[in-house]
Amino acid sequence: MRAFERAWRRLLEALAAAAALLLGATAVAVTADVVSRNVGFGAFPWILEGSEYALPLATFLAAPWLLARNEHVRLDVLLRVLAPRVARLLERATDALGFAVCAVFVVYGVRTALESARQGSMVMKSIVFPEWWLFVPVPVCFALLAVEFARRFAAGEVSVGAGPHA
Amino acid sequence: MAWWLSALVLFGSLAMLMAAALPAAFAFYGINIAGAWIWLGGDAGLVQLVRNGVASIATFSLTPIPFFVLMGEVLFHTGVAMKAIDAIDRLIWRVPGRLSVVAVVAGTVFSAISGSTIATTALLGSLLLPDMLRRGYHPSMAMGPIMAIGGVDMLIPPSALTVLLGSLAGISISQLLIAGIVPGVLLSAMFVGHIVLRAWLDPGLAPTFEHEALPAWERWKPLLLYVAPLVAIFVVVIAAMSAGWATPTESAAIGAVATVLVAWAYRALTWSNLMQALMGTAGISAVILFIIVGATTFSQILAFSGATNGLVALIRDAGLAPPAVLAAMMLVLLVLGCFVDQVSMMLICLPFFMPLAAAYGFDPVWFGVLFLICMQLGLLTPPFGMLLFTMKSVAPKEIRMNQIFRAVTPYVIMGILMLVLVAAFPPLATWLPKLLIGR
């Protein structure tokens, strides 16, 4: 069990690190585009468009890691004031609810991607690619989130504390 | 279903899910799933939910968010921010409540580079608070200014939440970012005035202590070395946006890369702290954007259920004077701010507030600044103000939550005063964007 926990944490951390590197690379690419345009090397419109797609990808990559670290914003006042036994029950109920929400997103994420692939929909902007590529991260992210909710449910721990915020 | 019943069911269930400690993003998703099934056509509505989710955050207007956050994270993790604070500390002498004043001035400077309120509060809290308490500062003098200036970070660009507000509300992001400067700086000035007056009236609140005597050059050198380059980054980011040389996204990316280069020039950058900053950026950005995944569907459900039109028509037809409507909206925001986070506040209120603002002819930039001030107050108001908990997490263990509440109270009152001032004198918000961008 401990080996699973360790491997699981490492997987989520690796995905978050990929999100972090993606955001860093996007900042460098956008800056390079501005510099290139202003020194007369021409503009690369695909960079700005790529930065738009980087946002959902980075978000979906980092979201499971944030849940594992209990860093998604939530109101935990009830958990703090309730008796530990009741708080554990409430935490389990929200874990089950979170799991159900994720399951719906997994099912409909897969369906949306498959439907788009079947119709052969394409994104036709500066970068041309099959539209279903945009939807693939959704079921992957929510499947990971569902596993994390299930893990929390099984562990039965109450975790309070505010996450990062802008 | 009558519109008011739909609204009651939607907001009632959202409140219940949030109170049950389900993370805000999942609470919105839960409501979206049920709402999409009922009002957006069942199965087709759920497919639309996924499409909307990706479309909500795959938008150019939101890309400055991670870049603005990265600026603050780099300065925080490389230790450059500490050097800047130390430089300001050397300059401020013979002022009653000196360290509290240093916190406000350093916080204002750091706000101008950091897009993250929590980074500002955590940095100042962990750096200055222990020193202040050790030197006998009253906890209210020590903690109040740090939390308050963390809130001001939201008004002074770069600010991730301002970008989000502009994007979701359809307000010009450049103008909104610039419009926050004057109210933000005025608030900082008010804070300094308050600290000096309190410490002067009751010196026991902030005991004076001997400060190492340094020659003038030794005092000014760190300012030139460590603060001037950061201020230069701020000026370049704002100038590039105002002059139309670069979009907010491009300015933000340039700012982020420039911040990394500055940290490298100070020899403060390592792979390890750069990665920490990037991970912090991914975390903070994803927390915000993951809630936004539910934004489009939530506003569609409010519209299709008739809740948006019903409530907007009810208020419009009530024949209320514009100031009364404005006051009511601000009151709703202030109350909401006591309980929910800033991103949720935007998702809940903007679908109603923007049509009302348009119906009453409110200037969108001015209205946006008022919205920002209310959200900033929401960071500071008990029981759930985010910065109160940030302070609790960095404060010594013996500091209790009610001491933190008491410490922040005068600053909340000053924030409300600023809200009234900007509401009464719109040029406080609109003058600078008009001057720099020209509308």
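**Salt bridges and the A–B interface**

Modeller: B:Asp89 forms a salt bridge with B:Arg98, their closest N and O atoms being 3.1 Å apart, where a salt bridge is a side-chain nitrogen of Lys or Arg within 4 Å of a carboxyl oxygen of Asp or Glu. This is a predicted model, in which local features need pLDDT of at least 70 and side-chain atom pairs count only at pLDDT 80 or more, while totals for chains, interfaces and linings use all residues. Residues are numbered from 1 along each chain as its sequence is written, chains are lettered from A in the order in which they are written, and side-chain values use heavy atoms, with hydrogens and water left out.

Colleague: Are B:Asp89 and B:Arg98 buried or exposed?

Modeller: Both B:Asp89 and B:Arg98 are buried, buried meaning under 20% relative accessible area, exposed over 50% and partly exposed in between, with a 1.4 Å probe and protein chains only.

Colleague: Which residue in chain A forms a salt bridge with A:Arg111?

Modeller: A:Glu115 does, with the closest N and O atoms 4.0 Å apart, and the two residues lie 4 residues apart in helix α4 of chain A, about one turn of the helix; helices (H or I, at least four residues) and strands (E, at least two) are DSSP runs numbered from the N terminus. A:Arg111 is partly exposed at 30% relative accessible area, and A:Glu115 is also partly exposed, at 28%.

Colleague: Switching to the interface, how many residues does each chain bring to the contact?

Modeller: Chain A brings 65 residues and chain B 61, contact meaning heavy atoms within 4.5 Å. The buried area is about 5400 Å², with carbon and sulfur atoms giving 80% of that; buried area is the accessible area (1.4 Å probe) that two parts lose on being put together, summed over both.

Colleague: What about the overall form of chain A, what is its radius of gyration?

Modeller: Chain A has 6 helices and 2 strands, in the order α-α-α-α-β-β-α-α along the sequence. Its radius of gyration is 20 Å, well over the 15 Å that the globule rule gives for 166 residues, so chain A is more spread out than a compact globule; the radius is taken over C-alpha atoms, and the rule is 2.2 Å times the number of residues to the power 0.38. The C-alpha trace spans about 65 × 40 × 30 Å along its principal axes.

Colleague: And where is A:Pro137 found?

Modeller: A:Pro137 is found in helix α6 of chain A and is buried, with a relative accessible area of 17%. Beyond its neighbours within four places in sequence, A:Pro137 is in contact with A:Leu57 and A:Phe60, and its C-alpha atom is separated by 6.6 Å from that of A:Leu57, 80 residues apart along the chain.
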